[in-house]
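Subject: Structure handover

Hello,

Please find the structure below, for your files. My notes on it come after.

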Amino acid sequence: MNKQTDMFDIININNKNPDISIPEGVKLKAKELWCPYCSKPVIFKKDKDLGVRKCPYCKVSERDYNVKQVNKRWL
Ligand SMILES: [Zn+2]
């Protein structure tokens, strides 16, 4: 095992059951959202073609129901 690997470095997690809440103890930094599919904090990147922000890892849109749900963002 590589001790330098922490859970947030693991890419390509794609939860079949997305998180419904941010795990206790997790503090998001400015601009970060919790990705319920990657189970980690991510900064959603703007997709210039679609005009929405997306998780850079799993490409889920910020408009996804579960993304809104977990971040309590109902825009
Ligand atoms: Zn993601």
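This is a predicted model: local features need pLDDT of at least 70, side-chain atom pairs count only at pLDDT 80 or more; totals for chains, interfaces and linings use all residues.

Residues are numbered from 1 along each chain as its sequence is written.

Overall make-up

Helices (H or I, at least four residues) and strands (E, at least two) are DSSP runs, numbered from the N terminus. Of the 75 residues in the chain, 16% are buried. A residue is called buried if 20 or more other C-beta atoms lie within 10 Å of its own, exposed if 12 or fewer, and partly exposed in between, with C-beta atoms placed from the backbone. Two residues are in contact if their C-beta atoms, again placed from the backbone, lie within 7 Å. Among contacts between residues at least 6 apart in sequence, 29% join residues at least 24 apart.

The hairpin

β1 and β2 run antiparallel and are joined by four bridges; strands are taken to pair if DSSP finds at least two bridges between them. Together they form a hairpin with four residues between them. Across the pair, E32 stands opposite I43 and L33 stands opposite V42. In a regular strand the side chains alternate between the two faces of the sheet. In β2, K40 and V42 belong to the covered face, whereas P41 and I43 belong to the uncovered one.

S39 lies in the loop between β1 (32-35) and β2 (40-43). Its phi is positive, about 55°, although S39 is not a glycine. Most residues other than glycine have a negative phi. S39 counts as partly exposed because 19 other C-beta atoms lie within 10 Å.

The core

A nonpolar core here is a set of buried Ala, Val, Leu, Ile, Met, Phe, Trp, Tyr and Cys residues joined through C-beta atoms within 7 Å. The largest one has nine residues: W34, C35, Y37, C38, V42, C55, V60, V67 and V70. β1 and α1 each supply at least two residues of this core. Leaving aside neighbours within four places in sequence, V70 is in contact with D19, I20, S21, I22, W34 and P36.

Two further residues

K59 is placed in the loop between β4 (52-54) and α1 (65-71). K59 also has a positive phi, near 70°, and is a residue other than glycine. K59 counts as exposed because it has 10 C-beta neighbours inside 10 Å.

R53 is in strand β4. With 19 other C-beta atoms within 10 Å, R53 is partly exposed. Not counting residues up to four places away in sequence, R53 touches F44, K45, K46 and E62. The C-alpha atoms of R53 and I43 are separated by 8.9 Å, and the two residues are 10 apart along the chain.

Regards
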